[in-house]
Amino acid sequence: MRTIAVAMAKGGVPLARFTEQGSEGKDAWARYDAGAPLRQAEFIYTTDTSDWKACEWQTVRAELDAESRTVRAAVPEDCAAYFFNLVDERDLVSSSVVVEP
């Protein structure tokens with residue numbers, strides 16, 4: 001939380017943020033802005049349709065294109081919901097909104 005407060009109040013390096021999100025065929029994608037270099041992108045999904053708090057989530061690496069500021073991942077056929085995480089060089093995580101395909 002301190003990092004977020006410093007970024008907002010004192011012009012520090014902000015967390016990554018998602019600017020757009022969508023899908024194309026069997027792939028999900030998202031565009032982002034990032035103040036710090038990103039270390040990795042994750043695609044988190046579930047095939048469970050029960051209670052969100054109790055369902056099991058799977059995490060796989062997402063394709064990260066720093067030049068176009070885009071992340072992309074294949075959506076499993078039985079996917080019930082998914083979102084992306086961005087992890088920057090400070091190990092700070094930003095999450096996209098949850099999508100139900």
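R31 lies over the face of W29, at 4.6 Å from the ring centre; a charge counts as sitting over a ring if NZ of Lys or CZ of Arg is within 6 Å of the ring centre and within 35 degrees of the ring normal. This is a predicted model, in which local features need pLDDT of at least 70 and side-chain atom pairs count only at pLDDT 80 or more, while totals for chains, interfaces and linings use all residues. Residues are numbered from 1 along each chain as its sequence is written, and side-chain values use heavy atoms, with hydrogens and water left out.

R31 also has a charged partner. E20 forms a salt bridge with R31, the closest N and O atoms being 3.1 Å apart; the term covers a side-chain nitrogen of Lys or Arg within 4 Å of a carboxyl oxygen of Asp or Glu. This pair links distant parts of the chain, with E20 in strand 1 and R31 in strand 2, 11 residues apart. Strands here are DSSP runs of E with at least two residues, helices are runs of H or I with at least four residues, and both are numbered from the N terminus. E20 is partly exposed, with a relative accessible area of 40%, and R31 is partly exposed at 34%. On this scale buried means under 20% relative accessible area, exposed means over 50%, and partly exposed lies in between, using a 1.4 Å probe and protein chains only.

Let us step back to the whole chain for a moment. It has one helix and eight strands, and from the N terminus on the elements run α-β-β-β-β-β-β-β-β. Of the 101 residues, 36% count as buried. Among contacts between residues at least 6 apart in sequence, 54% join residues at least 24 apart, where contact means heavy atoms within 4.5 Å.

Back to the charges: side chains of opposite charge can pair when their charged atoms come close. The structure holds six salt bridges. One of them joins R17 and D33, with the closest N and O atoms 3.2 Å apart. R17 is in strand 1 (residues 17–24) and D33 in strand 2 (residues 27–33), 16 residues apart. R17 counts as partly exposed at 48% relative accessibility, and D33 counts as partly exposed at 34%. Another salt bridge is formed by R72 with D27, the closest N and O atoms being 4.0 Å apart. That pair connects strand 6 (residues 70–74), which holds R72, to strand 2, which holds D27, across 45 residues. Salt bridges that share partners join E24, D27 and R72 into one network.

Next comes the interior. In soluble globular proteins, nonpolar side chains tend to be buried together. A nonpolar core is a set of buried Ala, Val, Leu, Ile, Met, Phe, Trp, Tyr and Cys residues joined through side-chain atoms within 4.5 Å. Of the 18 residues in the largest such core, F18, Y32, F43, V71, Y82, F84 and L86 touch the most other members. The elements that give two or more residues to this core are strand 2, strand 3, strand 6 and strand 7 (81–88), and strand 3 gives the most, with four residues. Leaving aside neighbours within four places in sequence, Y32 is in contact with residues including F18, L38, L64, V71 and L86.

Aromatic rings form a further theme. F43, Y45, Y82 and F84 form one aromatic cluster. Rings of Phe, Tyr and Trp (its six-membered ring) pair if their centres lie within 6.5 Å; planes under 30 degrees apart count as stacked, over 60 as edge-to-face and the rest as tilted. By this rule the count comes to five aromatic pairs. The rings of W57 and F83 have their centres 5.5 Å apart and their planes at 65°, so the pair is edge-to-face. W57 sits in the loop between strand 3 and strand 4 (58–61), and F83 in strand 7, 26 residues apart. W57 counts as partly exposed at 27% relative accessibility, whereas F83 counts as buried at 16%.

Leaving aside neighbours within four places in sequence, T46 is in contact with W52, C55, E56, W57, D78, C79, A80 and A81. T46 is buried, with a relative accessible area of 0%. Its side chain reaches the backbone oxygen of E56 at 2.7 Å, and the backbone nitrogen of D48 lies 3.0 Å from a polar atom of the T46 side chain.

Terms used:
A polar contact is a pair of N or O atoms within 3.5 Å; within protein, one must be able to donate a hydrogen and the other to accept it, and residues adjacent in sequence count only if both atoms are side-chain atoms.
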